[in-house]
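Me: I am new to this structure and would like to go through it with you. Could you show it first?
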Amino acid sequence: MLAIPYWGYAEDSVQTEEVESLPEVKVTSKVEKNQPSEKTKSYTVNSTSTATRLNTSIRETPQSISVITREQLDDFRVLTVNEALSYATGIKVEQFETDRTEYTSRGFNITNFQIDGLSTPISFSGTNYGDLDIALYDRVEVLRGANGLITGPGNPSATINFIRKRTTRDFQAKASASLGSWDNRRLDADISGSLNGDGSVRARLVAAHQEKNSYLDRYSSKRDVVYGIIEADLTDNTSVAIGHTYQRNDANGNMFGGLNLLYSDGSKRSYNVSDSTAPSWSERNVDTNISFAELTHYFNNEWKIKGQLTQKAVTSAGPHDYVSGSENRITGLGLSTNPFFYTFKTQDYVADIYANGPFELAGRKHEMVAGVTMSRTSMKEFSRSVAGVPLSSFDAAGDIPYPAFGPESKSSDYSTRTTNIYTAAKLNPADGLKVTVGGSLLSYKLDGDAYGVAQKADEDNKFTPYIGAIYDLSKEHSLYASYTGIYRPQVETGASGSVLAPLKGKNYELGVKSEWLNKALNSSFALFKTEQENQALAIGQTAQRTIYEGIEATSKGYEFDVSGAVNDHLSLNAGYTRLMSIEGQGGTSANTFTPRHMAHLTAVYKVPFVQNLKVGASVNWQSEIYVDIGTVRYEQDSYAVLNLMANYKIDNHWDAAVNFYNVTDEKYLSSFRYSAFGQAFYAAPFNGMATLTWTY
């Protein structure tokens, strides 16, 4: 069992008068500081290590950070990563197809993803295939801005860190059943506890099954997820953990591409929310397996060393149909089918070892972390095609018969090797001032071929600097500033098929952070600016791949974020992002599919005059956006999406809840991410879900 010093109060052994004369001292143990959000029931956290692996409070982290806790996920019955990230400040969920999604922050694609602080890419380009389930995670931490220190390949948008649920010494169990719109059915189970008498060996098992039809014609999906972890204390100071996650996504009638937005004469095409280009035989089946192991040792001098290994394998296979062209308003002609059978396989291996702890210098206490991450990632793509045929009209797209696909051919086969050596020191040069300095050395190699073109890149010891400073104005308020270098080898390919040159740049941030109401509420305000070279800009689309070019790009703006408890009854999570500009070549406006204003507000209220009842609302608003489809400018007005919830605790074991989504039945296209190529589809209309939960 881990030996942790107890920093409590001594028993009363002095006179009452003497005790009263002593100043009040509040001390928090390590156990309390690192409690999972499912235990605290809060909308914020006490500490985070996403930025530097040095456990610090949100106020002492010199970058913008938001946290979506388990309490908020449960309150609004958030079931997928897509849904969870829609509650994070400044994050735009770009679901450009039914089963492919990308995420943007500060105007740029997010490609840095972590699980428990270890870089584990969702995919090479940051594209999420299928709906990743959120049941196995305690919370999601979102670090905005560049994070090349820990992740290696830096990115100016954000880093998403998924924190897994861990084992508990005491037995606990939870099960939920949900029923919602379009035959949406969901079962969850979560059980945890000790496997031996002294609690030195513990286990946890999380499982979920969901299947549903859809508001979209011919579309349905099914999802299964199982997560298991075993943790053991080898000695008082040494622990080990092993675990595995399996998820299966099966989608039928899924779209590849979207609805064609224009008629052939350039006028805007109107659709029903339920319209789809996909035939019923279209499928996307995705299997994800993630195995991991950890070994942690605590030294008596407060230092810690931790080693982590993870292996991730993702496979996807299924027939699709890409509908291209523009329909003639009078004849209905002009659209064509492009059926193909697409398969991909990715394999990731990541190893990381680091040490962190305190040290003394010049009579003051400081902290330091040093480590190395090594990874190997491979990608293989295969396709079977058949000649497309013209369609008589849009309505015929869903009725085309299953084609006789040709023989399978390999589209791509390439791999990357990455080594990132990193170190950082959190210095305490004066009372109220903390300075974090560090950097990473990245070595990277890309080898293979994609769509008939050799892919080669070899970079050695590329240095990425990191510096951040926090100055305490008072016990509750701090000023901060940070500078981070940007360096990211890319896998996006240009018109010739060759990979783009590495992304390079700088990220600046300046702001103020505050802790309110005895640290129950966190707030931050940030000014940011990002300068980049070779930013990948999508300029074309084929049935097989997207074509990019590298441009210079600059983004600047400001953000506000607040989360936590206002009082015993009211919890909040809110934020606002203002992108003042995203400029490309020659100062032209870039990435116009990204809203320049985004705001969200989530509030949950425990009703004082109705015991055990809490109600809540969440609203997401974004400003207007547009894309240029050839010479035609296609615009979408600003819109807001409102969600509502109510939960009633029946007794100590049973809860009943209802959730309603898009209550105002707002009609809007889910993403303009690739709409410059003339396609998009509509997000879900008003829908609801009822849930019954049993807890032991």
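Me: Which residues does Gln532 touch, not counting residues up to four places away in sequence?
Reply: Gln532 touches Phe108, Pro156, Ile486, Leu503, Lys504, Gly505, Ile551, Glu552 and Ala553, where contact means heavy atoms within 4.5 Å. This is a predicted model, in which local features need pLDDT of at least 70 and side-chain atom pairs count only at pLDDT 80 or more, while totals for chains, interfaces and linings use all residues. Residues are numbered from 1 along each chain as its sequence is written, and side-chain values use heavy atoms, with hydrogens and water left out.

Me: And is Gln532 buried or exposed?
Reply: Gln532 is buried, its relative accessible area being 5% (buried means under 20%, exposed over 50%, partly exposed in between, with a 1.4 Å probe and protein chains only).

Me: Where is Gln532 found?
Reply: Gln532 lies in strand S25, residues 521-541.

Me: How many helices and strands does the protein have?
Reply: There are six helices and 35 strands, taken as DSSP runs numbered from the N terminus (helices H or I, at least four residues; strands E, at least two).

Me: What about the protein as a whole: how much of it is buried?
Reply: Of its 696 residues, 55% count as buried.

Me: What does the C-alpha trace span?
Reply: Along the principal axes of the protein, the trace spans about 95 × 60 × 45 Å.

Me: Which share of contacts joins residues at least 24 apart?
Reply: That share is 66%, among contacts between residues at least 6 apart in sequence.
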